[in-house]
Amino acid sequence: MRNEVERRQRWMAVLARASRDELEQAYLDLPNAPAYIWLRPPESGLVLVRGRTGETEASFNLGEVTTTRCALKLIDGTTGFAFTLGRDQRQAELAALFDALLQRGDETASASLKVVSEFEHAQSLRRDLKSRKAASTKVDFFAMSQAREPD
């Protein structure tokens, strides 16, 4: 049970970070467009983001971000949820749809899991590139202070 919850948390995080274009393309690649009903149509609102300066430091209110959430149910009764950053309601809808599809045990779930793996790999590559760009601008102040001549 715990393993299933962790798997779902992982794919929901990947779906939440996926762009609308990525989700739309994956949706268009589905063999059959699944029918669903809304449990909660997409709606946007603000969420308070908290930060922490270190692992043991107290957390603080960083600010608010706009999020969109929704919930839907496939005709077979499978429920999908999504919370995404921003106001793109279609992005949240597609993320919730894929969440529902991934919970099923059919070939659509297998194909959707492959899509999520591709999204996760692409997100990892983007994160690595961003990290390397940031690291290239790092200044080592200790080394600079050692380079000075004593008076």
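**Note on the β2–β3 hairpin and its sheet**

1. Start at the hairpin of β2 and β3: four residues lie between the strands, and Gly77 there takes a positive phi near 100°. Strands here are DSSP runs (E, at least two residues), and helices are too (H or I, at least four), numbered from the N terminus. The model is predicted: local features need pLDDT of at least 70, side-chain atom pairs count only at pLDDT 80 or more, and totals for chains, interfaces and linings use all residues. Residues are numbered from 1 along each chain as its sequence is written, and side-chain values use heavy atoms, without hydrogens and water.

2. Strand β2 (residues 59–74) and β3 run antiparallel, joined by seven bridges. Two strands pair if DSSP finds at least two bridges between them. Ala71 stands opposite Phe81 in β3.

3. The open sheet has three strands, ordered β1-β2-β3, with antiparallel pairing. Its edge strands are β1 (36–52) and β3, each pairing on one side only. From one strand to the next, the twist averages 25°.

4. Helix α3 (residues 89–103) packs on this sheet and touches β1, β2 and β3. Contact means heavy atoms within 4.5 Å. The direction of α3 makes about 140° with that of β3. Axes are lines fitted to C-alpha atoms, for helices over the stretch in contact; angles run from 0 to 180 degrees between N-to-C directions.
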